[in-house]
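Me: I'd like to learn how to read the features of a model like this one. Could you walk me through it, starting with a loop?

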Amino acid sequence: MPQTPAKGRTARLSREVVAAAAVELLDEHGERGLTFKLLTERLKTGAGALYWHVANKDDLVRLAADRVMGDALTGGADASLHTLALAIYDTFERHPWAASHIGVVPPQPNALRLLDRIGTLVAKTTLPPERHFVTATAIFNFVTSVTAQESSNAATGAPGVSRDTVLAELAAQWEALDPAAFPFLTRAAADLRDHDDRDQFVAGLNLLLDGLRLQELKLDTATDPDRP
């Protein structure tokens with residue numbers, strides 16, 4: 001059962017303070033290295049005071065991840081979908097442990113803010129209202145799932161093994177495949193080895209947003225056939 005914090009400790013602590021300290025420790029030690037002992041030492045408090053604010057480690061990591069998302073959403077309320085998506089990607093690239101813990105189920109305040117901001121921007125387009133939900137959630141899912149997948153890929157490597165080493169080994173496996181059975185993969189092995197994750201994200205984002213603009217253009221043309 002959670003302990004009741006000693007009087008005076010809760011006055012120094014808040015969920016915001018706990019989240020900020022947890023982000024620092026997660027950046028330093030990763031999710032596996034985060035412990036309540038480290039956090040109590042960082043905050044100079046007792047475990048009981050922490051349990052007043054978070055139920056367990058999973059709750060703590062989700063809180064810290066939502067804090068990271070909040071930082072990504074600071075400012076730029078009128079940013080374009082492209083700028084917003086890149087801000088999220090770049091933030092989670094700096095905090096790779098956080099991406100897999102972002103979602104709207106169970107509700108996280110800043111994840112909900114992100115989805116709402118995406119939906120608000122989609123609603124400013126010429127898409128009909130009945131297409132707003134599916135379009136906004138598709139963009140949200142792309143941004144959050146791709147960043148989470150890249151974080152997961154980075155975490156699967158053995159400690160001390162670089163991304164370049166992992167990609168070189170995987171590219172060698174692709175090159176060794178039968179080109180008759182895997183014609184694309186054998187040709188793309190060198191691209192896999194040398195690719196940039198952010199460029200890959202931008203390419204996918206552009207395809208998604210280009211599709212959105214194409215739908216708008218079709219709707220505008222149907223409404224005004226003389227529009228260039």
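Reply: Gladly! This is a predicted model. Let's begin with Lys-44, which sits in the loop between α3 and α4 (47-51).

Me: What is the phi of Lys-44?

Reply: As a general idea, most residues other than glycine have a negative phi. Here, Lys-44 has a phi near 55 degrees, a positive value in a residue other than glycine. Its place is just after α3.

Me: Is Lys-44 buried or exposed?

Reply: Lys-44 has a relative accessibility of 69%, so it counts as exposed, the cut-off being over 50%. Across the chain, buried residues make up 38% of the 228 residues.

Me: Which residues of helix α3 are buried?

Reply: The general idea first: an α-helix has 3.6 residues a turn, so residues three or four places apart point the same way. In α3 (residues 36-43), the buried residues are Phe-36, Leu-39, Thr-40 and Leu-43. Viewed down the axis of α3, these buried residues fall within an arc of 100 degrees, so they line one face of the helix.

Me: Now a pair of helices. At what angle do α6 and α7 pack?

Reply: Two packed helices are described by the angle between their axes and the distance between the axes. For α6 (residues 81-94) and α7 (residues 109-123), the angle is about 160 degrees and the axes lie 10 Å apart. That makes α6 roughly antiparallel to α7, since angles over 145 degrees count that way. The crossing of α6 and α7 is left-handed.

Me: Which residues of α6 and α7 meet?

Reply: From α6 come Leu-81, Leu-84 and Ile-88; they meet Leu-114, Arg-117, Ile-118, Leu-121 and Val-122 in α7.

Me: Where is the cis peptide bond?

Reply: In general, most peptide bonds are trans. In this model, a cis bond joins Val-105 and Pro-106, with omega about -5 degrees. Pro-106 lies in the loop between α6 and α7.

Me: How many helices and strands does the chain have?

Reply: The chain has 11 helices and 0 strands. Of its contacts with a separation of 6 or more, 68% are between residues 24 or more positions apart.

Conventions
Residues are numbered from 1 along each chain as its sequence is written. This is a predicted model: local features need pLDDT of at least 70, side-chain atom pairs count only at pLDDT 80 or more; totals for chains, interfaces and linings use all residues. Side-chain values use heavy atoms; hydrogens and water are left out. Buried means under 20% relative accessible area, exposed over 50%, partly exposed in between (1.4 Å probe, protein chains only). Helices (H or I, at least four residues) and strands (E, at least two) are DSSP runs, numbered from the N terminus. The arc is that of the directions from the helix axis to the C-beta atoms. Axes are lines fitted to C-alpha atoms, for helices over the stretch in contact, and angles run from 0 to 180 degrees between N-to-C directions. Angles under 35 degrees count as roughly parallel, over 145 as roughly antiparallel, 65 to 115 as roughly perpendicular and the rest as oblique. A crossing is left-handed if the near helix is turned anticlockwise from the far one by less than a right angle, and right-handed if clockwise. Contact means heavy atoms within 4.5 Å.
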